[in-house]
Amino acid sequence: FNLVLVAVAIFIFFGARQEQQFNDVQPVLDMAPVGNAYNQHAITLHISERVRDVANYLLTSYQPDFAVMQGGSLLGIVTREEVARALAEGRGDAYVTMVMRRDVVRVGADDSLDYVRQVMTERNTRVVAVYDGEHYRGLVSIEDIVEALQVYRLLWRQAPAQAKAA
């Protein structure tokens, strides 16, 4: 019986701690623009590329999502999952336009990380396109937002320490 109480106490402790950590960085998430979280050096695809080309990019980079571009216009997104599905179906020679998602959710570069996270949840997508006005900037995924959250959390913790040292 005592073990059950200890387990419940531990569960409550870690849940409260996690909520406190989220509350500590919530102001940063509300203010930090998504334009700071996308990969500015991402590989983009041209409409002439094939699925097997994207498979090679998956092997040689950490990038899981690729923008399909024609000139400066975003046509769609190819994800790791779509590449894997196409390869499993024997469609490695297919053009990326045949497997790309065309229904790309669009957010503004000035939108907050928290707002974009909410949009992703509401629209049931893990990657969105970041625009500055009509100019395409890049893709941001839920993993990018989590990573930004971790970095901002570390910066947030250092800020009071640096203020005391100054």
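## A first look at this predicted chain

Residues 24 or more positions apart make up 59% of the contacts in the chain with a separation of 6 or more, a contact being heavy atoms within 4.5 Å. This is a predicted model, where local features need pLDDT of at least 70, side-chain atom pairs count only at pLDDT 80 or more, and totals for chains, interfaces and linings use all residues. Residues are numbered from 1 along each chain as its sequence is written, and side-chain values use heavy atoms, with hydrogens and water left out.

Let's follow the chain. Five helices and six strands are present, in the order α-β-α-β-β-α-β-α-β-β-α from the N terminus. Helices (H or I, at least four residues) and strands (E, at least two) are DSSP runs, numbered from the N terminus.

The chain has a mean pLDDT of 85, with 77% of its residues at 70 or more.

| Element | Residues | Mean pLDDT |
|---|---|---|
| Helix α1 (lowest) | residues 2–31 | 61 |
| Strand β4 (highest) | residues 106–108 | 97 |

Where pLDDT is low, the predicted coordinates should not be read in detail.

Now for burial and surface. Of the 166 residues of the chain, 34% count as buried, meaning under 20% relative accessible area with a 1.4 Å probe, protein chains only. The accessible surface, from the Shrake-Rupley method with a 1.4 Å probe, comes to about 10,600 Å², and 56% of this area belongs to carbon and sulfur atoms.

Conventions. pLDDT is the predictor's confidence in each residue, from 0 to 100. Buried means under 20% relative accessible area, exposed over 50%, partly exposed in between (1.4 Å probe, protein chains only).
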